[in-house]
Amino acid sequence: MKNAPDSAGPSQPAQAGEISPETRPGGIPESDRGGGPTIKVNVSYGSSLHEVHLPAQSTFGDIKKLLVHKTGLEPEEQRLFFRGIEKDDKDNLHQEGVKDKSKILLLEGTASKERKLEETRKQNEMSKASEAIAGVRDEVDKLSDKVTALEVAINAGNKASEKEFLVLTELLMGQLLKLDGIKAEGEAKLQRKAEVRRVQNLVDTLDSLKARNSNPFSNSGNTTTVTTQWETFDSGMEGSNDTSTTSTKITQDWERFD
């Protein structure tokens, strides 16, 4: 009589249509627990082909995470298709029939396109704003040189015409209006703010120079002191040379004598 097969011997392969007792729910063999076999998936994105290596029991969401650094697309900006059907993030690769060297199609989602369009718009606006600010800066440089030359002349004791101050102030205010009309964001906004402050400082300098030009001695401490001393001296002289009082006293003395 033949002996019964050894229960410790190798198990017979499962027949077609039968569920292997070694297979757990989800379709992943027990032998694959702890990571399971790694498969290579080819992801087509535009004209590029990216290779992704991950466990067979991973999900399409796991593929999206691995594609972030390869494509620059965030997971929510990706759309993955396998065999012409878009897959959800929770869909299991093994259950959906993805095997080693399978090909998956990646398309850019609407959210990504909108984000890129917004970034491009902002970049274009920033570029235009920076260019406009640079134009204003060149004009302000020229006006700044004129203000400096005017300051040197006044410091040397020369007198400038009122028209010079008026023209320079109007030109600076014109540049200030140009800056106010420039829509800027980010770095361009900081550039505009710095240029506005620069123009305001030049206008303040002109106001100060104009005051000194109108009264050359208004800011001279020595002149003020000397003037005060001379006024005091004049007052003293007026008090000591009061001829009317002296004359009256002399007249009174002569009347007494008579």
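Which residues in helix 3 meet which residues in helix 4? Let's work towards that with a walk through this model, which is predicted.

**The chain as a whole**

The secondary structure comes to six helices and five strands. If you read along the sequence, the elements follow the pattern β-β-α-β-β-β-α-α-α-α-α. The chain has 258 residues, and buried residues make up 24% of them. Look also at the contacts in the chain with a separation of 6 or more: 63% of these are between residues 24 or more positions apart.

Now turn to helix 2 (residues 110-155), helix 3 (residues 162-180) and helix 4 (residues 187-214). Here is how each pair of axes is arranged.

| Helix pair | Axis distance | Angle |
|---|---|---|
| Helix 2 and helix 3 | within 11 Å | roughly 155° |
| Helix 2 and helix 4 | within 10 Å | roughly 20° |
| Helix 3 and helix 4 | 10 Å | about 165° |

What do these angles tell you? Helix 2 and helix 4 cross at roughly 20°, and that makes the two helices roughly parallel. An angle over 145 degrees counts as roughly antiparallel, so helix 2 and helix 3 are roughly antiparallel to each other. Helix 3 and helix 4 are likewise roughly antiparallel to each other.

The crossing of helix 2 and helix 3 is left-handed, the crossing of helix 2 and helix 4 is left-handed, and helix 3 passes helix 4 in a left-handed crossing.

**Who meets whom**

Back to the opening question. From helix 3, the residues Glu162, Phe165, Leu168, Thr169, Leu172, Met173, Leu176 and Leu179 take part; in helix 4 they meet Arg192, Glu195, Val196, Val199, Gln200, Leu202, Val203, Leu206, Leu209, Lys210, Asn213 and Ser214. Sorted by class, the residues of this contact between helix 3 and helix 4 are 12 nonpolar, four polar and four charged.

Helix 3 also meets helix 2. On the helix 2 side are Val136, Glu139, Val140, Leu143, Lys146, Val147, Leu150 and Ile154, and on the helix 3 side are Glu164, Phe165, Leu168, Leu171, Leu172, Gln175, Lys178 and Leu179. This contact of helix 2 with helix 3 divides into 11 nonpolar residues, one polar and four charged.

The remaining pair in the table is helix 2 with helix 4. The crossing of these two is left-handed, and their contact has 13 nonpolar, six polar and eight charged residues.

**Zooming in on Leu150**

Is Leu150 buried or exposed? Leu150 is found in helix 2, and its relative accessible area is 7%. Buried means under 20%, so Leu150 is buried. Leaving out residues up to four places away in sequence, Leu150 touches Ala160, Glu164, Phe165, Leu168 and Leu206. Take Phe165 as an example: Leu150 and Phe165 are 15 residues apart in sequence, and their C-alpha atoms are 9.0 Å apart in space.

**A buried lysine**

Our last stop is Lys64, placed in helix 1 (residues 60-71). Lys64 counts as buried, with a relative accessibility of 7%. What does the side chain of Lys64 join in a polar contact of 2.7 Å? The partner is the side chain of Asp89. Setting aside residues up to four places away in sequence, Lys64 touches Pro75, Gln78, Leu80 and Asp89.

Note on methods:
Residues numbered from 1 in each chain as written. Predicted model: local features only at pLDDT ≥ 70, side-chain atom pairs only at ≥ 80, totals over all residues. Heavy atoms only, no water. Axes fitted to C-alpha atoms, helices over the stretch in contact; angles between N-to-C directions. Helix = DSSP H or I, 4+ residues; strand = E, 2+ residues; numbered from the N terminus. Parallel < 35°, antiparallel > 145°, perpendicular 65-115°, else oblique. Left-handed = near helix turned anticlockwise from the far one by under 90°. Contact = heavy atoms within 4.5 Å. Nonpolar A, V, L, I, M, F, W, Y, C, P; charged D, E, K, R; others polar. Buried < 20%, exposed > 50% of the residue type's maximum accessible area, 1.4 Å probe, protein only. Polar contact = N/O pair within 3.5 Å; in protein donor to acceptor, adjacent residues only side chain to side chain.
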